[in-house]
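User: Hey, I'm new to this one. Can you walk me through it?

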Amino acid sequence: MNFIKSVKNLTSFEWGLWLGSVTVLVLSFLLAGNRDGLTLGASVVGATALIFTAKGDAIGPLLMVVFSLLYAVISFRFRYYGEMVTYLGMTAPTAFASMIAWLRHPYSEREVEVSSLKKSSGSILLALTAVVTVGFFYILRAGNTPNLIFSTISITTSFIASGLTVLRNPWYAAAYACNDVILIVLWVLATRESMSYLPMIFCFIIFLVNDLYGFWNWRRMKQRQVDGGYSPLYNESRKKV
C-alpha cells in the first residue's frame, strides 16, 4: 500500500467531501469548547478512513483499525462499554481482516474486486449476528451500560456491516449508515449530560454522509467491473491465492 498514491487517486468530489467533513468536525469541536484532541483526532481519522473505504482502497480498513482504537478510549470515558467492546473486539479485527481480504482480491492497484453476497454466506452472517446480539445484550445489561437498547442495536448493525466489509459487498455501507444513525442517537443522549461530546454527534453525521457515498460508489464500482470484466492484476492475484 502506498498512501501517497492513494491520496493522488482521490477525485475532486472526494477531496471536497473530505475537506468539508474535516471543516465540520473542527467547527463542532470549537463550538463545544472541547480541548480534547483525542475526540477530534479520532473523528478526522474515521472520516478519512471512510473516504478510502468508499473507493475500495485497502488503506481505508487500515485507518479504520486506528479509528477503532481511538473510539474505544472515548467510549470507555462515557461508560459506553458496548461501543468500546464492539470496536475493540469486532470492528478493529474485522477491519484488519477486510484489509487482508481486499489486498488478496484486487481489481486494480487502488480498487478491490466487489463481490456479490452468496446465500450461504448471508445465512451464516445472519445466524452469527443473532448469537452476537443476544450474547452482548446480557453482557451489557450486567455491566449497567447506559442506553442499553440503542447500544445493543449498535452492536447488531456494526456486526453486519463488518461482516459485509470482509465479504467485499456494497451493502456494507448501507449497514454502516444504519449504525451511524444509532450512534448519533447515543451521542445525542450523551451530550445531554456533557456538551464536550457534541463533536461526536457531528462525527457520526459526517460518517453517515460518507457511508451513503460509499454505498453509491461501490454499486457503481460493481457495475463498472461487471461491464469491464476482470482486470489483468486481478487475474494474476487469483493465481497466487
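User: How much of the protein chain counts as buried?
Analyst: Of its 241 residues, 52% count as buried, meaning under 20% relative accessible area, with exposed over 50% and partly exposed in between (1.4 Å probe, protein chains only). Keep in mind that this is a predicted model: local features need pLDDT of at least 70, side-chain atom pairs count only at pLDDT 80 or more, and totals for chains, interfaces and linings use all residues. Residues are numbered from 1 along each chain as its sequence is written, and side-chain values use heavy atoms, with hydrogens and water left out.

User: OK, what secondary structure does the protein chain have?
Analyst: Ten helices and two strands. These are DSSP runs numbered from the N terminus: helices are H or I with at least four residues, strands are E with at least two. In sequence order the pattern is α-α-α-α-α-β-β-α-α-α-α-α.

User: And what radius of gyration does the protein chain have?
Analyst: It has 18 Å, which agrees with the value near 18 Å for a compact globule of 241 residues. The radius is taken over C-alpha atoms, and the globule rule is 2.2 Å times the number of residues to the power 0.38. Along the principal axes, the C-alpha trace spans about 55 × 40 × 25 Å.

User: What share of the contacts is between residues 24 or more positions apart?
Analyst: 76%, counting contacts with a separation of 6 or more. Contact here means heavy atoms within 4.5 Å.

User: Switching topic: how many aromatic pairs are there?
Analyst: A search of the whole structure finds 16. Rings of Phe, Tyr and Trp (its six-membered ring) pair if their centres lie within 6.5 Å; planes under 30 degrees apart count as stacked, over 60 as edge-to-face and the rest as tilted. One of the pairs is F13 with Y213, which is tilted, at 5.2 Å centre to centre and 50° between the planes.

User: Where do F13 and Y213 lie?
Analyst: F13 is in helix α2 (residues 12-31) and Y213 in helix α9 (residues 198-228), so this pair ties together parts 200 residues apart in sequence. Y213 counts as buried, at 9% relative accessibility.

User: What about F204 and F207, how do those rings sit?
Analyst: Their centres are 5.1 Å apart and their planes at 75°, so that pair is edge-to-face. F204 and F207 are both in helix α9, three residues apart, about one turn of the helix. F204 is buried at 0% relative accessibility, and F207 is buried at 3%.

User: Which cluster are they linked into?
Analyst: Ring pairs link F204 and F207 into a cluster with F67, Y71, Y87 and W187.

User: Now the loops. Where's S115?
Analyst: S115 is in the loop between β2 (111-112) and α6 (119-142). S115 is buried, with a relative accessible area of 18%. Leaving aside neighbours within four places in sequence, S115 is in contact with L167, R168, N169 and P170.

User: And R168, is that buried or exposed?
Analyst: Buried, with a relative accessible area of 12%. R168 is in the loop between α7 (148-166) and α8 (171-191). Its phi is near 60°, a positive value in a residue other than glycine.

User: Last one: what does V7 contact?
Analyst: W15 and F52, leaving aside neighbours within four places in sequence. V7 is in helix α1 (residues 3-8). V7 and F52 are 45 residues apart in sequence and 8.6 Å apart in space, C-alpha to C-alpha.
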